[in-house]
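Please look over the sequence and the model, then read the points by topic.

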Amino acid sequence: MDAFKLIINGSKRLKNNNISSHQLDSEILMSKALSVTREKLLTNLEKNIDNDIAKKFDDLIYRRSKREPIAQILEKKEFWSKDFLINDKILIPRPETELLVEKLSQVFKNKKLFILDIGTGSGCIILSILSELFYSNGIALDISPHAIKLAQANANMHKLTSKVKFLRRSLDSIHGKKFDLIVSNPPYIITKDIKNLAVDIKTYEPKLALDGGNDGLDVIKKVIYKSKSILKIKGMLALEIGNEQFKKVSIILKRNNFRVKHLVKDYRQNIRCILSVLEKWENLSFSSWIIIEEEISDLGHKKVTSEEGMVRSAQTEVVASIMEI
Ligand SMILES: C[S@@+](CC[C@H](N)C(=O)[O-])C[C@H]1O[C@@H](n2cnc3c(N)ncnc32)[C@H](O)[C@@H]1O
């Protein structure tokens with residue numbers, strides 16, 4: 001049978017399973033089975049398909065008919081005009097998150113920043129920002145070992161390994177570094193709402209990347225509390241949030257000395273990203289500055305080894321920031 005007929009059959013099967021993008025998906029899956037681009041496939045639809053490829057295509061159509069996301073079947077997703085490797089252990093990068101990257105690239109154009117990405121997943125945010133902000137570098141954390149492995153592979157693929165260090169760590173474990181910019185797209189779905197998400201998401205994407213606790217704000221709050229002690233004064237916290245979380249999150253930000261500076265709306269006019277600046281530190285305790293990450297010293301940031309040195313460097317920063325105000 002030729003490619004055209006197989007694609008039509010595949011499309012019908014997907015349509016019968018209520019997949020609205022049935023035609024496009026069928027074409028993409030035939031391209032995957034043939035290992036050619038979709039463009040090449042579409043100029044060669046009369047090509048006769050041998051049995052092995054037809055079987056491969058049939059398996060891919062079956063997976064999609066069960067609502068497995070196309071990106072997981074292809075094991076890659078385009079984000080900010082780059083391909084990112086993905087799998088079923090990490091969140092598939094979303095177009096809304098590109099809006100965050102776009103805003104940050106505009107705001108910090110040509111700046112030299114030290115950036116922290118909390119909950120990096122595929123690494124799509126930090127790697128996209130670093131590809132725009134040539135002079136910057138950073139650290140990215142995730143508690144999922146799968147995420148860290150994949151993010152590292154993506155950094156390799158995009159030749160950005162010298163600019164970013166990926167650490168398998170919880171955000172609670174970062175101390176003593178002063179970042180210019182902290183970015184995070186934390187899990188923010190209310191636990192009891194997860195069961196109501198589309199099958200593609202609730203069945204195939206990891207709960208760790210979705211579950212924001214009883215009010216959806218568990219990790220967002222942690223990110224805000226942590227950020228106020230590891231950001232520089234006037235440093236920026238850039239958060240992606242859920243559809244209806246703006247009011248609650250902006251109150252938490254204000255209570256924690258952040259001033260909202262930019263908002264980013266999605267294509268449906270919902271506020272989805274909040275960029276806020278840290279106005280002041282509070283309850284500054286030098287003992288909380290003691291831990292410096294040996295692992296990140298190779299990024300070229302000054303490593304302070306003695307406790308005395310730590311206190312001195314902390315004091316210098318406080319004086320500098322008071323003068324700045
Ligand atoms: C919504 S996903 C975002 C992934 C990626 N940044 C993106 O935008 O596509 C949230 C990520 O946060 C990670 N995560 C959840 N709790 C965390 C914590 N306490 N510390 C660090 N990472 C965490 C999850 O493993 C997941 O990869």
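The crossing of α1 and α2 is right-handed; a crossing is called left-handed if the near helix is turned anticlockwise from the far one by less than a right angle, and right-handed if clockwise. The model is a predicted one, in which local features need pLDDT of at least 70, side-chain atom pairs count only at pLDDT 80 or more, and totals for chains, interfaces and linings use all residues. Residue numbers start from 1 along each chain, following the sequence as written.

- Helix α1 covers residues 3–16, and its axis lies 8 Å from that of α2, at an angle of about 130°. Axes are lines fitted to C-alpha atoms, for helices over the stretch in contact, and angles run from 0 to 180 degrees between N-to-C directions.
- α1 and α2 are therefore oblique to each other. Angles under 35 degrees count as roughly parallel, over 145 as roughly antiparallel, 65 to 115 as roughly perpendicular and the rest as oblique.
- On the α1 side the contact includes Ala 3, Leu 6 and Ile 7, and on the α2 side it includes His 22, Leu 29 and Met 30. Two residues are in contact if their C-beta atoms, placed from the backbone, lie within 7 Å.
- By class, the contact of α1 with α2 holds six nonpolar, five polar and three charged residues. Here Ala, Val, Leu, Ile, Met, Phe, Trp, Tyr, Cys and Pro count as nonpolar, Asp, Glu, Lys and Arg as charged, and the others, Gly among them, as polar.
- Helix α2 (residues 22–34) also packs with helix α4 (residues 51–65), at an angle of about 140° and with the axes 9 Å apart. This pair is therefore oblique too, and the crossing of α2 and α4 is right-handed.
- Residues of α2 including Leu 29, Met 30 and Ala 33 meet residues of α4 including Ile 53, Phe 57 and Leu 60. The contact of α2 with α4 has eight nonpolar, one polar and four charged residues.

**The chain as a whole**

- The protein chain has twelve helices and nine strands. Helices (H or I, at least four residues) and strands (E, at least two) are DSSP runs, numbered from the N terminus.
- Of its 325 residues, 34% count as buried. A residue is buried if 20 or more other C-beta atoms lie within 10 Å of its own, exposed if 12 or fewer, and partly exposed in between, with C-beta atoms placed from the backbone.
- Among contacts in the protein chain with a separation of 6 or more, 65% join residues 24 or more positions apart.

**Nonpolar cores**

- The largest nonpolar core has 55 residues, and those with the most contacts inside it are Ile 126, Leu 237, Ala 238 and Leu 239. Helix α7 (residues 124–132) gives the most to this core, with six residues. A nonpolar core is a set of buried Ala, Val, Leu, Ile, Met, Phe, Trp, Tyr and Cys residues joined through C-beta atoms within 7 Å.
- Not counting residues up to four places away in sequence, Leu 239 touches Ser 184, Ile 220, Val 223, Val 249, Cys 273 and Ile 274.
- A second, separate core of 13 residues includes Ala 3, Leu 29, Ile 49 and Phe 57.

**Helices α6 and α7**

- The axes of helix α6 (residues 95–107) and α7 come within 10 Å and cross at roughly 30°. That makes α6 roughly parallel to α7, and their crossing is right-handed.
- Ile 129 lies in helix α7, and it counts as buried because it has 24 C-beta neighbours inside 10 Å. Leaving out residues up to four places away in sequence, Ile 129 touches Val 101, Leu 104, Ser 105 and Ile 115.

**Residues in strands and loops**

- Lys 234 is in strand β7 (residues 231–240). Its phi is near 75°, a positive value in a residue other than glycine. With 14 C-beta neighbours inside 10 Å, Lys 234 counts as partly exposed.
- Gln 269 is in the loop between β8 (258–265) and β9 (271–278), and its phi is near 70°, also positive in a residue other than glycine. With 7 C-beta neighbours inside 10 Å, Gln 269 counts as exposed.
- Leu 171 is in the loop between β5 (164–168) and β6 (179–184). With 21 C-beta neighbours inside 10 Å, Leu 171 counts as buried.
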